Amino acid sequence: MKKAIVYLNQFFGQIGGESTAGHQPAIKEGGIGPAQELNRQLQHAEVTHTVVCGDNYMVENEEEAVKQILELLSDKEFDIFISGPAFKAGRYGLACGAVNKAVHEAFSVPVITSMHTENPGVDLYKKELIIFSGGESVIAMDEDLKKLAVYADKILTNQPLGTAEEEGYHARGNRHQIWRDDQVCAADRVVDMLLKKIHDQPFESELPVPKRDNVPIAPPLSDLATARIAVLTSGGVVPVNNPDHIRSASATRWGKYSIEGMERLEADIFKTIHGGYDPTAIDADPNICVPIDVLRAYEAEGKIGHLYEFFYSTVGTGVTQSDAARMGREIVEDLLAVDVDAAIMIST
Amino acid sequence: MKFTIGNFLVQEIRFGANTSYKKGLLTINKSEALAVVCEDDHITEADLYLVHPGDDVRLLPVKDAVEPRIKLDGAPLFPGVTGQMVQCGEGITHALKGCSVVVVGQQWGGYQDGVIDMGGEGAKYTYFSQLHNIVLVADTDEAFEQKELQKKNSALRRAGLRLAEYIGSAVKTMEPEKMEQYEMVPVADRVIPLPKIALVLQVQSQMEKPGYNTLCYGWDCNHMVPTFINPNEILDGAMVSGSFMPSSSKWSTYDFQNFPMIKRLYQEHGKTLNFIGVILSNLNVESDQKERSTLFVVNMAKTLGIDAAIVAEEGYGNPDTDFTSCLVALEDAGIKTVGLTNECTGKDGRSQPLVYMHEKADAIVSCGNVSELIELPPAKIVLGNLQALARDGMSGGWADDELLGPSVRPDGSIIMENNAMFCGDQVVGWSTKTVKEF
């Protein structure tokens, strides 16, 4: 019998609800809650331990929390590591992704998890991890556990593995050729697809192209000299203590920082935390990325009406499209509330 | 235009006194056949071998494959290449089915050459392992290109064309066992109330220098603008395969002669669609030339009143831009399209499948991944030169690799990318492969 270890959050790990979300990682023998059910469903493995960690503790101290978990696992023998299911719970999904990734890197065992397609953990980790397509909430628990158990049994017994579609996990941009079981040749498939397309019937491309969101270009301002202008950047310029703990890569948060009374951004007050470029020049002069100095000059000249007293910042590198879009929507809402007329978005 | 193929179903091939055919048995007079090969002074050495499905034989470097045929009116099998300029696709041509002439370099391979395994695990990767093959293994005096990555393989490929015609002559005066007929009435008379379909063939034409590209009646397809061509012409020797592009993406001369996508559209004609014809396009490298070709394809399709089109691409990488641009431009003109191609997703499967992708290219049939890693045991017999895979820059092979070692191992086993499988992705329509997410 092979050995499996399961990761759960404080709620499913039966520590408690939201008030215990700061719970530090702990390891317990045997399967708790969903891990117990998983143990029942697994035919070729036994759940020997369950790791439990509070969602908030993980999200706020990811590096430390992951380190603690790896330590807890360091003296355990296991053949597979399974997290979740995390359903649509965002923090839990991010935790399952971070833990699975670290466990795979540290112990080279197969790692699997399950999340609903809208869980931000899917976009962030699907390229690297196998994340089964899960339900929206705990109602889907049995079904989600079953998919995990079936796949785990296949891996542990070296059975041939199917495609992402057949097995039920999120496609992750990992494409390989296969021979079709039905042996239908390409010429037949072309005619079939063509006829369906002609007759407006549903068809499935064998090479799906991800849809692009094209943002229309905004109409010009009627009068720049009276406009209220805000500055945004994905260049990672923040106050030196990074008060919002924005990540240097794959950021999920943005910050809003006052420039009231400032003629320029001073180097000892601001710096960049962006991990994707050499910070030397911008750390020496943050105005290279967020040009408050020049905009203040324009303001004095009357070229622009007014520079909004906060600038917005996040880190662009590695951010998933869905997180980027969400942060954009949040910032726009904020800007509209204070009647900003136009924004300058500065990349790096 | 009415074209008849009289088929003879070859079940066995032997060498013998007379080149002849009798009830499934094809007999070849080897010295006569070799004399045809050696009509070209550039051929310095040549030999013929017969290989059959399931044989533990590996062929490489494979240059081209050709179906043995003969035209009853005495016209050359490949007008403009092996003889005078006459119309293809009319009258009667006899064909020896179930076999092909496979041309293999005795010494030298190149970027465009491929591998055929007749038996074992490797057999599933090419169409040609299921045929009885007459294998020409030969060398030439084309010293100028022996060490070149890109080879024209002129003498060898032309020898294959002549040999196919010589062998085909065995059945010139005989009664075929099975007839196939392809008739294209003039476009103006094809007034049936079904969607009008065109097949757009983007043939390989990336080389600027002469001698490497696909030929149409002997004309380098790099130097043409897209043209309307009767599908019968393609099935009857108007097209000769080129000598450029990694092998799995290539369309051999045999592929053109048997083009399954064309035959499939003929079969569907009058039932679900109205097959108007083929728009022959190319895959040049300069932007202007790409855009001009797309423009010609779209205007021709509009002029012909095409409702829906199939675009097939012979190649990958740079030509993906022509492929996707053509699909998008046809869609923009209100013509519904389906694309037919292969992908390059890398050994790890993680690369963008086509160099250029567009959401309007929303219907694609995918025939394989050129960079899929393939490991095969040694074959008992190798015809040609096994080292060519590692030494000569064949597109799926390598001399050495930090992780994978050399493509050709001391015991004769090989590790390579699908790229080197001879016409392995069968984009002409045979492929039962597809590409899936894992």
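This report walks through a predicted model with a chain A and a chain B, starting with chain A and moving on to the places where the chains meet.

## How to read the model

Residues are numbered from 1 along each chain as its sequence is written, while chains are lettered from A and ligands numbered from 1 in the order in which they are written. Because the model is predicted, local features need pLDDT of at least 70 and side-chain atom pairs count only at pLDDT 80 or more, whereas totals for chains, interfaces and linings use all residues.

## Chain A as a whole

Let us begin with chain A, which holds eleven helices and 13 strands. Helices (H or I, at least four residues) and strands (E, at least two) are DSSP runs, numbered from the N terminus. Taken along the principal axes, the C-alpha atoms of this chain fill a box of roughly 75 × 60 × 35 Å.

Of the 348 residues in chain A, 37% are buried. A residue is buried if 20 or more other C-beta atoms lie within 10 Å of its own, exposed if 12 or fewer, and partly exposed in between, with C-beta atoms placed from the backbone. Two residues are in contact if their C-beta atoms, placed from the backbone, lie within 7 Å. Among the contacts in chain A with a separation of 6 or more, 74% are between residues 24 or more positions apart.

## Where the chains meet

Chain B brings 41 residues to the contact and chain A brings 34 residues. On the side of chain B that touches chain A, at least two residues each come from helix H5 (260–268), strand S19 (308–313), strand S20 (336–343), strand S21 (364–369) and strand S25 (433–437) of chain B. The most comes from S21(B), with six residues. By class, this side of chain B has 17 nonpolar, twelve polar and twelve charged residues. Here Ala, Val, Leu, Ile, Met, Phe, Trp, Tyr, Cys and Pro count as nonpolar, Asp, Glu, Lys and Arg as charged, and the others, Gly among them, as polar.

Strands also pair across the two chains: strand S7 (residues 175–179) of chain A and S25(B) run antiparallel and are joined by five bridges. Two strands pair if DSSP finds at least two bridges between them. Within this pairing, Ile178(A) has Thr434(B) as its bridge partner.

## Two helices across the contact

Helix H8 (residues 186–198) of chain A packs against H5(B) at an angle of about 45 degrees, and their axes are 9 Å apart. That makes H8(A) oblique to H5(B). Axes are lines fitted to C-alpha atoms, for helices over the stretch in contact, and angles run from 0 to 180 degrees between N-to-C directions. Angles under 35 degrees count as roughly parallel, over 145 as roughly antiparallel, 65 to 115 as roughly perpendicular and the rest as oblique.

From H8(A), the residues Ala187(A), Asp188(A), Val190(A) and Val191(A) meet Pro260(B), Met261(B), Arg264(B) and Glu268(B) of H5(B). The residues of this contact divide into five nonpolar, no polar and three charged.

## A sheet and a strand in chain B

Chain B includes an open sheet of three strands in the order S2-S4-S3, with mixed pairing. Its edge strands are strand S2 (12–15) and strand S3 (20–22), each of which pairs on one side only. On average, and with direction ignored, neighbouring strands of this sheet are turned by 20 degrees against each other. Three bridges join S3(B) to strand S4 (residues 25–28) of chain B, and the two run antiparallel. In S4(B), Thr27(B) stands opposite Ser20(B).

Elsewhere in chain B, strand S12 (residues 178–183) contains Glu180(B). Glu180(B) counts as partly exposed because it has 16 C-beta neighbours inside 10 Å. Although Glu180(B) and Thr4(B) are 176 residues apart in sequence, their C-alpha atoms are 5.7 Å apart in space. Leaving out residues up to four places away in sequence, Glu180(B) touches Ile5(B) and Asn7(B).

## Backbone details to look for

One joins Gly84(A) and Pro85(A), with omega about 5 degrees, and Pro85(A) sits in the loop between strand S4 (80–83) and helix H4 (90–107) of chain A. Another joins Leu60(B) and Pro61(B), with omega about -10 degrees, and Pro61(B) belongs to strand S6 (residues 57–66) of chain B.

Asn242(A) is not a glycine, yet it has a positive phi of about 40 degrees; it is partly exposed, with 15 other C-beta atoms within 10 Å. Asn153(B), also not a glycine, has a positive phi of about 55 degrees. Asn153(B) lies in the loop between strand S11 (132–140) and helix H2 (154–168) of chain B, and it is buried, with 27 other C-beta atoms within 10 Å.
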